[in-house]
Amino acid sequence: MAIDWQQLSEQYREDYIADLTTLVGIDSARDDSKATADYPLGPGPAKALIAFLGLAERDGFTVKNLDNLVGYVEFGEGDETLAILGHADTMPGGKGWHTDPFTLTKKDGNLYGRGTSDDKGPALAAYYGLKMMKDQGIKPTKKIRFIIGTDEESDWTGMHHYLDLEPAPTLGFSPDAEFPLINGEKGNVTFESHFAGANGGSVTLRDFQAGLRENMVPRDAEATVETPDADQMMADFKTFLADAPVTGTVEQDAAGLHFEVIGKAAHGMEPKNGINAGTYLAHFLTTYDFGGDAEDFLSLLAHDLHDDSRAHKLGLAFTDEVMGDLTMNVGIMTFTADKGGLINTNFRYPTGIGAAEILVGLQKATAMMNVEINQGREMVPHYVDPSDPIVTTLMDVYRQQTGDTDAQPEVVGGGTYGRLMKRGVAFGALFPGTQDTMHQADEFQPEDDLIKAMSIYGQATYELTK
């Protein structure tokens, strides 16, 4: 069946923008503090899922909502199932935006809003690829399930719930990364280092806060400090800011000195693309006479974790020829004098090293500290052979539609739902050369890129199921 997918996708541009406006308008960051029986991850993720399924129901698809945790759109019949896995949740809005993060805003050919790049924009483009097939009267030879998760940015509770209730898909793609295609994803493991809340020096750390998620480089950091020489510390901070790649302020009141540092947010899979406000603030503070747990908390951040995305100081620097470098993101840092402290470190690692070795590195760095280290969830490295038909078919479609005949599949540090399938890959929607603003303020995706992605997804889904 000869279809000009690029021309066809243009006919859906206005409808796509209208639907994306609806989805972006929902703040769908997971919020466990607002969880209920109806909204197990908070109202936002569930409302975004319901809205997504509502679009598909409007368009005549069969849909199913599994307990407001995950849902799917089904099309076609067959013994084999092709899965397309996206997610309706997003990172929190965060600070530093020049537009409302929950209002889709067009500017200079770009669409701004939380989720335009990760993953509402790409997931909706993939859905529209499916919609184009249906509207053209195409009957696929495989069953297609477009599965929508609700907490990809945290624990993948929704997708695990799906796998508990439905047959596990073995073949498919996730529109939640970049083009041309991701056929390998590094392992992913998080550790939390817990501290008690004691102080002991002449300077007291009352409070320290930085970070929103483990997979996001913190843009903002704040601390409250009591010191016998406030004037000197304030002057030192101004000197520090003059030489550091961050901005900040310091104010004094009856509670002490209040510091604020602003860096640059970035996706935690490549921390060197951001500037970690938390470790920079700790780097400044650690030069003062803190004691007890506060000293240990600041020392670990400033001496062992600061500005070291490859974990050289922990003795964990490791590179694999296929998968590349181990990376480390310091995602969440919190300390209060009454409750204690926590440092969350997220590692993306290639084949050849694993959680056990990473734990040893952290234990050595904290051997002289009163610290308890807990391991969180781990996902082992995932790799699909480049000769697999899922890879070759999708690459052929991408090369045909873009003219980039030299494009090759890649391995990345990001984790997508693609790794849940034995023959699963990540496919778009960020094009080479387009700025990556995932997890950042002013997140955007070029409008034309999303329409082009729609065209690619339509043809790709067709080719995989014809």
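Colleague: What counts as a strand or a lining residue here, and which element gives the largest share of the lining of the largest pocket?

Modeller: A strand is a DSSP run of E, at least two residues, numbered from the N terminus. A lining residue has an atom within 4 Å of a pocket point. The model is predicted. On those terms the largest share, 4 residues, comes from β21.

Colleague: Which elements give two or more residues to the lining of the largest pocket, and how many residues line that pocket?

Modeller: Nearest the centre of the largest pocket lie Ser 154, Asp 155, Glu 214, Ile 332 and Asn 344. The elements with two or more lining residues are β10 (187-195), β20 (340-349) and β21 (371-379).

Colleague: What is the volume of the largest pocket, and how many of its lining residues are charged?

Modeller: The volume is about 370 Å³. By class, the lining has 3 nonpolar and 6 polar residues. Asp, Glu, Lys and Arg count as charged. The charged residues number 9.

Colleague: How much space lies in the second largest pocket, and which residues are closest to its centre?

Modeller: The second largest pocket holds about 260 Å³. Its lining has 19 residues. Closest to the centre are Lys 95, Gly 211, Leu 212, Arg 219 and Asp 220.

Terms used. Residues are numbered from 1 along each chain as its sequence is written. This is a predicted model: local features need pLDDT of at least 70, side-chain atom pairs count only at pLDDT 80 or more; totals for chains, interfaces and linings use all residues. Side-chain values use heavy atoms; hydrogens and water are left out. On a 1 Å grid over the protein atoms alone, a cavity is a set of points where a 1.4 Å probe fits but cannot get out, and a pocket is an open set with protein on both sides within 12 Å along at least five of seven lines; lining residues have an atom within 4 Å of a point. Grid points are joined across faces, edges and corners, and a volume is the space filled by probe spheres set on the points.
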